[in-house]
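Here is a friendly note to read alongside the model. The points below go site by site, so please keep the viewer open.

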Amino acid sequence: MSLTKNPNVLKWVDEMIALCQPDQVVWIDGSAEQLDALRKEAIGTGEMIELNQEKLPGCLYHRTNPNDVARVEDRTFICTRNKEDAGPTNNWCDPQEMYAKLGKLYNGVMKGRTMYVIPYSMGPIGSPLAKVGVEVTDSIYVVLNMNIMTRMGADAFKNLGDESNDFVRGLHSKADVNPDERYIVQFPEDNTIWSINSAYGGNVLLGKKCFALRIASFQGKNEGWMAEHMLILGVKKPNGEVKYITAAFPSACGKTNLAMLIPPEGYKKDGYEVFTVGDDIAWMKPGEDGRLYAINPENGFFGVAPGTNEKSNPNALHCAMKDTIFTNVAINNDDNTVWWEKLDKNPPVNATEWKGAKVNGVEYTAAGNTLAHPNSRFTAPAVNCPCISPEFNNPAGVPISAIIFGGRRASTTPLVYQSFDWTHGTYIGSAVSSETTAAATGAVGVLRHDPMAMKPFIGYNVGDYWAHWLEMGEKLGDKAPKIFNVNWFKQNENGNFIWPGFGDNMRVLDWIIKRCEGTVDADETAIGYLPKKGDINLKGIEDEVTPEVMDKLLAVDKDLWTKEIAEMRRYYNDDIAAKGGKIPQALYDELDKIEANLNK
Ligand code: GTP
Ligand code: SPV
Ligand code: MN
């Protein structure tokens with residue numbers, strides 16, 4: 001039984017049924033009974049494994065095909081009528097051609113299967129910033145994950161109403177998970193997403209990267225708002241005031257960790273607290289008071305498991321203790337619980353590694369293998385988060401004081417610096433580069449440009465995207481958030497990180513907040529404002545972060561930066577402008593200014 005009278009939805013779903021020819025169609029109302037039945041069915045077929053229900057109540061395990069463990073950027077397309085509109089950072093194909101090609105793959109693909117029709121809202125239902133999507137899929141794993149990651153079910157249709165055509169159409173089939181015919185395709189001009197031959201995370205939970213970033217960034221450009229790959233957090237100061245900050249880091253570079261930060265003892269004692277609003281995506285729009293407001297369009301966390309532990313991120317760990325789906329981690333067969341690298345120092349002897357082989361975990365890891373896939377993940381409900389912000393469901397969002405960019409940089413980039421202004425901050429965002437991680441297929445640890453941490457997610461021409469950033473800054477004027485850059489990943493000669501990171505990143509947030517309030521001075525350097533000696537509070541970590549280490553963390557090395565600027569000029573010219581990206585003159589001017597500063 002369909003859950004809506006909206007003729008636009010009904011017509012589109014009918015078309016998808018005619019194309020995919022499922023044996024059955026089930027509309028997902030989001031009721032507990034329906035979800036329970038789906039869990040039982042998936043456990044029955046082996047698609048999901050039920051974990052220890054005493055230790056991990058409501059938790060399920062899922063493993064994906066070893067050929068299907070991360071986003072596939074080389075198979076991701078933006079299909080606009082004009083090629084220039086997709087720009088140099090995207091794969092492009094003519095929409096009609098792509099519809100025809102994929103139409104053949106979808107033709108009859110759900111014969112013998114059930115099609116699930118999932119209505120969902122990105123953003124709190126009723127929020128003026130929220131948007132509705134409908135995903136049809138042949139995967140129960142997708143239904144159960146969408147239930148955690150979005151506001152899923154009949155209420156989403158209430159938000160759409162009986163007539164609106166303003167919903168994002170998402171078609172997904174796992175087909176036979178053939179990597180050679182895998183496609184993740186966005187049609188921004190049609191509010192449409194087609195995904196086929198994957199059953200993993202961001203490739204198939206279409207509300208996430210496909211809608212909330214690729215399609216939404218295109219919508220935001222046309223409608224005057226921003227969709228960004230950013231966490232949102234609130235820092236409560238001892239006087240009770242809460243300052244909200246967003247931060248854009250590339251995939252697997254620390255957003256979830258920063259979003260759930262636990263302040264060091266000294267800060268806790270003084271009364272500081274950190275609240276999580278979001279860990280991956282921010283939708284931001286100017287509010288009535290002229291400030292920039294952000295909502296988290298998601299309802300859960302799809303977090304990287306390896307590295308998550310009681311010390312690095314206890315909040316994330318607690319999120320994942322109930323009603324969570326684990327993907328591609330290892331199983332401890334002694335008590336049917338989960339394990340991943342760095343959870344603790346004791347890999348289970350009696351283990352099943354992520355591909356499904358039973359192994360002696362101690363010997364297996366000692367031989368240099370990992371039990372969990374490096375991009376293994378937990379899907380956990382936001383309500384589980386011990387530090388979830390009281391404003392999480394606020395339809396108006398939260399006012400943003402600071403925007404932070406960052407990435408993994410072994411050298412060159414200091415621990416923190418502030419841009420001279422919004423335009424310079426936009427330049428800094430355009431210059432984000434980072435060593436690649438396991439979140440996407442391909443080599444790991446290679447430095448690549450990832451502007452605004454959005455390279456895989458900008459749904460249109462990157463030049464126009466940068467122009468949109470500059471326009472937003474003009475609109476916001478002196479109410480615009482201040483823009484900063486951070487780097488938690490600076491290394492010494494031995495390849496060890498020299499900044500402790502994690503909870504100690506609070507010390508950097510503290511400086512950032514004081515800069516926003518104008519209560520701390522800074523050194524003006526060629527690249528931006530840096531902390532003055534002694535202005536980053538190191539109480540409690542003086543042994544680790546000695547004055548010499550701090551000097552390294554805050555160094556602006558003229559030779560390295562001259563190289564950095566030369567590389568940016570090459571990137572703008574060769575990778576963007578020569579390939580059809582219209583770079584705003586203001587950004588070239590920023591490049592010239594920094595170069596001149598360095599040569600002073
Ligand atoms: P996506 O979900 O892919 O967008 O990733 P994310 O940006 O949320 O990254 P996440 O917080 O999951 O961190 C990824 C990896 O970086 C984990 O292995 C963390 O342990 C590590 N990490 C996070 N913060 C820090 C830090 O401050 N210092 C160091 N050295 N490592 C960190
Ligand atoms: C990322 O890769 O940035 C993620 C995971 O957050 S995925 O949803 O798979 O894109
Ligand atoms: Mn992400």
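1. The six donor atoms around the manganese ion (ligand 3) subtend angles of 66 to 176°, so the arrangement is irregular. For reference, six donors count as octahedral if opposite donors are over 155 degrees apart and all others between 65 and 115; four count as square planar by that rule, or as tetrahedral if all angles lie between 85 and 135 degrees; anything else is irregular. Donors are N, O and S atoms within 2.8 Å of the metal (3.2 Å for Na, K and Ca), and sites may look incomplete because water is not among the atoms.

2. A word on the basis of these values. This is a predicted model, where local features need pLDDT of at least 70 and side-chain atom pairs count only at pLDDT 80 or more, while totals for chains, interfaces and linings use all residues. Residues are numbered from 1 along each chain as its sequence is written, chains are lettered from A and ligands numbered from 1 in the order in which they are written, and side-chain values use heavy atoms, leaving out hydrogens and water.

3. Which protein donors hold the manganese ion (ligand 3)? They are K209 (NZ), H229 (NE2) and D280 (OD), at 2.2 to 2.4 Å from the ion. Their spacing along the chain is K-x19-H-x50-D. H229 lies in the loop between β12 (226-228) and β13 (231-236), and D280, 51 residues apart from it, in the loop between β15 (273-278) and β16 (282-286). H229 is buried at a relative accessible area of 0%, and D280 also counts as buried, at 8%. (Buried means under 20% relative accessible area, exposed over 50%, partly exposed in between, with a 1.4 Å probe and protein chains only.)

4. Nine of the twelve residues are buried, so α14 is largely enclosed by the rest of the structure; among them are W511 and R515. G518 follows the helix with a positive phi, near 75°.

5. Finally, K558 is found in helix α16 (residues 558-576) and counts as partly exposed, at 43% relative accessibility. Setting aside residues up to four places away in sequence, K558 touches L598 and N599 (contact means heavy atoms within 4.5 Å). The C-alpha atoms of K558 and L598 are 6.7 Å apart, across 40 residues of chain.

Key
Helices (H or I, at least four residues) and strands (E, at least two) are DSSP runs, numbered from the N terminus.
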